[in-house]
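The following note was prepared for a colleague who wishes to examine the model alongside its sequence.

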Amino acid sequence: MIVAVAGGAGGVGKTIVEKLVQESRFKVVVLSRSERRQDVVLQKAQHVQLDYDDIASMTTELERHNIHTIISAIGLVSDESSQSQLNLIEAAEKAKYTERFIPSEYSFIQTADSLKYTRVIPGFFMDYWGMPHVKTNLQPYTFGINIAKGKAAIPGDGNDVICMTYTADMATYMIKLLDLDEWSEFTVIVGDEVTYNQLISMSEEICGNPFEVHYDSLDRINSGDVTVPPMPDGTEYAESETKEVTALVSRLTVNRVFDLPKEGRLNARFPDVQPVTMKQFLIDAWRKNGA
Ligand SMILES: NC(=O)c1ccc[n+]([C@@H]2O[C@H](COP(=O)([O-])OP(=O)(O)OC[C@H]3O[C@@H](n4cnc5c(N)ncnc54)[C@H](OP(=O)(O)O)[C@@H]3O)[C@@H](O)[C@H]2O)c1
């Protein structure tokens, strides 16, 4: 594994580099603004010079040297050095082989005056299967099933679990979230859990007619040559775009990224909120409106 230490020649960084180079399983790279200087510890690592103001060139360097993990030990004493670290994070995000980042901190847990954050994870938005009848601000799009047309193009065997949440319910939970003093890194909110096969059965039952269903194999999904379901009436997406989006979402679905962890969901903290279930959502959208 190739580990890079940004600011690896500095006060904290050099100690980290010194320990790293003793471990034969790591290849160590020092990232620096300047040229390599003579040093008995640093000469055991590879030296890579970076222009921290140029994100694209940093991305190229990270890729060229196959950097997997970055440890930042940049001295954060000025706006300029903070910006350098932010730019490095952006470059790392873009670099193909970089997967992990430890930011320069190395002090006490800073919560009092630093920014608290949480990442809200609602799975897939239910809204797409209620359009155009349901109240939503999302752009119309078909994922898997076009209920109005009774046609479906399903990734895999249709049994992958997808966590679904209606945007309005997510917003309700987010209001609740504002009253909590502690936020965890991830806030998982789930309205319901369904598979595409269940979604098709429910839709067929509500609409009263069988759907035309096509299943894409894993090989087909991996090749990107997926079946694109009919897009909603009135939309004009380029075919290349719908194919790319469908391929991406299909890959995500069969890799079960929408099957969210059950532990620690925000739902359990607020049992008074009753998010709409998929079935009720479909009934509300389609029973009155027909298909
Ligand atoms: N808990 C504690 O007691 C404690 C004590 C000290 C430090 N720290 C923390 O440890 C971290 C590292 O501190 P340090 O004292 O090791 O820092 P430092 O020695 O002052 O600087 C480390 C390296 O940062 C790089 N750097 C400086 N300005 C930069 C800029 N504008 N853009 C990009 N790189 C820049 C330099 O590397 P190049 O010149 O090679 O690019 C420098 O060698 C900081 O987050 C600091 O707060 C904690």
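**Notes on the predicted model**

1. Arg265 has a relative accessibility of 12% and therefore counts as buried, since buried means under 20% relative accessible area. The model in which this value was computed is a predicted one. The side chain of Arg265 meets that of Glu193 in a salt bridge, with an N to O distance of 2.9 Å. Arg265 lies in the loop between helix 7 (239–254) and helix 8 (266–269), whereas Glu193 belongs to strand 12 (residues 192–194), so the pair ties together parts that are 72 residues apart in sequence. Glu193, at 28% relative accessibility, counts as partly exposed.

2. A second salt bridge to inspect is that of Lys243 with Asp225, whose closest N and O atoms are 2.9 Å apart. Lys243 is placed in helix 7 and Asp225 in the loop between helix 6 (218–223) and helix 7; the pair therefore ties together parts that are 18 residues apart in sequence. Both residues count as partly exposed: Lys243 has a relative accessibility of 30%, and Asp225 has one of 37%. Through salt bridges that share partners, Asp216, Arg220, Asp225 and Lys243 are joined into one network.

3. How many salt bridges does a search of the whole structure find? The search returns 16. One further example is the pair Arg25 and Glu23, whose side chains meet at 2.7 Å, N to O. Arg25 counts as exposed, at 56% relative accessibility, because the exposed class begins over 50%.

4. For Gly75, a backbone N or O atom lies 3.0 Å from a ligand oxygen atom. For Ser104, an N or O atom in the side chain is 2.6 Å from an oxygen atom of the ligand. On its own, the ligand has 910 Å² of accessible area, and the protein covers 66% of this.

5. The protein chain is divided into domain 1 (2–102) and domain 2 (119–287). Taken over C-alpha atoms, the centres of domain 1 and domain 2 are separated by 40 Å. Ser57 is located in helix 2 (residues 55–64). With a relative accessible area of 27%, Ser57 is partly exposed.

6. Most residues other than glycine have a negative phi, and most peptide bonds are trans. Met131 and Pro132 are joined by a cis peptide bond, with omega about 10°. Pro132 is found in the loop between strand 7 (124–125) and strand 8 (145–146).

7. Is the phi of Asn66 positive or negative? Phi of Asn66 is positive, at about 60°, although Asn66 is not a glycine. Asn66 occupies the loop between helix 2 and strand 4 (69–72), and at 39% relative accessibility it counts as partly exposed. Arg256, a residue other than glycine, also has a positive phi, near 60°. Arg256 is placed in the loop between helix 7 and helix 8. With a relative accessible area of 48%, Arg256 is partly exposed, because the limit for exposed is over 50%.

Key: Residues numbered from 1 in each chain as written. Predicted model: local features only at pLDDT ≥ 70, side-chain atom pairs only at ≥ 80, totals over all residues. Heavy atoms only, no water. Polar contact = N/O pair within 3.5 Å; in protein donor to acceptor, adjacent residues only side chain to side chain. Areas by Shrake-Rupley, 256 points an atom, 1.4 Å probe, with all protein chains shown as cover. Domains from an automatic or database assignment. Helix = DSSP H or I, 4+ residues; strand = E, 2+ residues; numbered from the N terminus. Buried < 20%, exposed > 50% of the residue type's maximum accessible area, 1.4 Å probe, protein only. Salt bridge = Lys/Arg side-chain N within 4 Å of Asp/Glu carboxyl O.
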